[in-house]
Amino acid sequence: MRSFLFLISLLAVMTLATARAVAMDNDYVAILQGDAADKALWERHEWLNLLHYQRSRFAENSFTSSVDDPQFFFSANGKTSPRNEMNATLAAFFKEQDTGNEHAICRFPARLNWLVAHLGIDRQRLPAVECSDYAEWRERVHAGSATLIFPTYQLNSPSSMFGHTLLRLDPVDKDNWSDWLSYAVNFGANISNDDNSLTYVWNGLTGGYPGQFIVMPYFRKIQEYNRIEKRDIWEYRLNLTPEEVGLLTTHLWELKDINFDYYFFTENCSYRLLELLEIARPGVELTDEFVVTAIPVDTVRAIERAGMVDKASYRPSQETIAKKMIRELPEEDYDRLDRVLDQPIADDDRIFQSLPAERQKALFNTAYKLLRLRQNRKQRDPLVARKSHQLLTLLNHYPQAGLPDVQEPVRPESGHHSKRVTFGALRRRGKAYSELGFRMAFHSLEDDDAGYLRGAQINIANFIVRRKSSSGSIVLQQADFADIFSLTPRSRYFNPISWRVRGGLERVFSDGDDRTVGHISGGGGFAWQALEDGTAYTLLTGRLETNSTFTHRIEPALGVSVGGTYSGRIGTGRVEFNGEKFTGGEYRLNLSFTQNMVIARDHALQFHFKREWHTDDNFGEVGLVYHYFF
Amino acid sequence: MKRYMAAIVLASASSATYAVAPGGSDCGWGNMLFDGKSGLGSHFLASTTNGTSGNKTFGMTSGTNGCSTNGTLTYGGDAWVDATQIMDEFSEDVARGQGDALDAVAVMIGVQQQDRETFAQVMHENFTAIFPSEDVTAEEVMASVNNIMKNNDRLAKYAV
């Protein structure tokens, strides 16, 4: 009986103790929440950054997180309430029910660290959980320093036109290391494999994809960009301290498998990286200026302005290297190169043995690079594989064969700024006009191409307004959604196609007068190198135009475009002849000459002269404008 | 380091161990030299979207080719990178005698800074032994690398 009573009382005491402990913990959470309220802790920018809240521009205390995932929030309305989310997070840290890796403590270590620091939370009072996944991952990441990676522009895809940014996490001590093995942190749209490019463009622009962070070895990115995509890569070593990188990495863990909003123009890869850097260095403000667009190179500029860049290095693509190797071969060896590429090689082939060893080596080295480049994106071909192996075996005979040094081009962030305003005057059909223009992005063939890809024109949202001096009437001269022109010269070993796509509204001379039409135009053809810094091109063009004077309102036209550009010391000049004929019979011909004169990095003058021939008239136009980039 | 080499040597020693071979049976261990990069899609415009598709990874598993981390596949404690993914680049660097991929593999194996030069040279001299034909598999390659290291005074300590 006594032992029974003793047992009962022991049980009672234990239950009371547990209840009291729970009550005490609940009390403790309440104390912490009260403390947070006193300090209005959820208004601090570090908390807002950790939860990726965006301040509403219209309502004073209205926030919305760009995280679009219930897994990220403990509160039911965590997405819009920093306050509720903080209170719910605090409560979650003390939950006894969850264990191990699923516990809030293990899933949100960055929030925990920050709240501990600002509320003085007693870590001893937190549930004892083992965060094995987090510990293992953290150990593995080797995150001591960070490098901003910028694969450069490539016109063949909407997602590559403006370049891309990702982050590489390197160990503190890089002596016994290889960059290839570092972690690369990449934010991108989580697309379905079945989506084609048009679906991608549509969904990417309208927020139809979730975005996620993924982490993978950097060599995968080298393979993807340098090799498959043939893009040069710029690497900007950042001056983040190990502690700052620690903050970033801890938060990165919190973002594992978390869905964000993804918008191609605004909340894209580059924008999210800026957010990570703001978390690494609390107080630095990087995202504020990127409201309408976050063009990757502009984000690089922002990071540089914030004093975060240590130094930059350049990693040329496989294509850039191959082109350099070809240039370094003596011209007389081109035939030999063709032989190596196209025909089986016998070991005792005389035409090679007569060459000095250095030239033989260069031949096989170049041939191998070209062969692999041509195999890009293709399925394994046993014959090509055998040839490749053969070339490597031959190359192996020489003591050592390096790759050529490629001169570092002008850095992308050193080029002219992305937006452009224009004003000037012109004379057309005997009348004087003044002109005002604005281009949202990005680069025209005539603009100074330092830091840009030569021959890559990307004009997005390009507007021109004209005012007739005599009457004061103002018209919309041009409104292009996009004007993309890829001018890539062909050579003996590379045969790209040059193409152009353009669409929008513009004023053209038709049926006796200038009038506004809507159009989509395009063209495809070839370009060639002409002199060291010139390009000549021929395109076959097509145009679909809505014109109120057309019999059928919409008519297509076929035409040609022949021209050339030359980049001299003062700037780039361009000559172009266009001719097109509509199915309804109207034809338009014009010959224009444009000369851009670079004054400074963000200032230029541009002169043009044009002669137009139409079914019912012909006349000239001459103008001078000033461009300012910002 | 050592465990990495052990894993690969074990795997290549007997086909019966394939089921428990590091990386799992679907892992791209057997890939051949100059394996083509298929499956990228043939979109009208280039396929990369700078995003993710298919093989999502957060560095927990190696993510590609179904490789898992449950085997003893490690390098310096990291269980998610394997040299087979850079076979093409490695073969080129061994043929030439220098390069980033060569360095990366050296680090993976655990070759110290002072022995890298030797490693590059020894591999270069033994190209034909390591890559006897274009159909050599990654397992065979790493097994050869291991054997060659064993027979070299300075590199033997890195071999299994």
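In the predicted model, strands β12 (residues 456-468) and β13 (residues 474-486) of chain A run antiparallel and are joined by 11 bridges. Within this pair, A:Asn459 has A:Asp483 of β13(A) as its bridge partner. The hairpin formed by β12(A) and β13(A) has 5 residues between the strands, and A:Gly472 in this hairpin adopts a positive phi near 80°. On β13(A), a further antiparallel pairing involves strand β14 (residues 498-510) of chain A, with 8 bridges. Here A:Phe485 lies opposite A:Arg500 of β14(A).

These strands belong to a barrel in chain A, closed by 12 strands in the order β10-β11-β12-β13-β14-β15-β16-β17-β18-β19-β20-β21, with antiparallel pairing. From one strand to the next, the twist averages 20°. One of the paired positions is A:Leu589, whose bridge partner in β20(A) is A:Trp613.

Chain A also contains an open sheet of 7 strands, arranged β8-β6-β5-β4-β3-β7-β9 and paired in the antiparallel sense.

Taken as a whole, chain A has 16 helices and 21 strands. Its C-alpha trace spans about 115 × 80 × 45 Å along the principal axes. Of the 630 residues in chain A, 37% are buried. Among contacts in this chain between residues at least 6 apart in sequence, 60% connect residues at least 24 apart.

Four domains divide chain A: domain 1 (29-132), domain 2 (142-315), domain 3 (322-396) and domain 4 (415-629). The C-alpha centres of domain 1 and domain 2 of chain A are 26 Å apart. Their contact draws on 15 residues of domain 1 and 14 residues of domain 2 of chain A. On the domain 1 side of this contact, α2 (45-50) and α5 (109-119) of chain A each contribute at least two residues. By class, that side comprises 6 nonpolar, 5 polar and 4 charged residues.

Chain B has 6 helices and 0 strands. Along the sequence, its elements follow the pattern α-α-α-α-α-α. Buried residues account for 47% of the 160 residues of chain B. Of the contacts in chain B with a separation of 6 or more, 59% are between residues 24 or more positions apart.

Methods
Residues numbered from 1 in each chain as written. Chains lettered and ligands numbered in written order. Predicted model: local features only at pLDDT ≥ 70, side-chain atom pairs only at ≥ 80, totals over all residues. Pairing = 2+ DSSP bridges. Helix = DSSP H or I, 4+ residues; strand = E, 2+ residues; numbered from the N terminus. Axes fitted to C-alpha atoms, helices over the stretch in contact; angles between N-to-C directions. Buried ≥ 20, exposed ≤ 12 C-beta atoms within 10 Å, placed from the backbone. Contact = placed C-beta atoms within 7 Å. Domains from an automatic or database assignment. Nonpolar A, V, L, I, M, F, W, Y, C, P; charged D, E, K, R; others polar.
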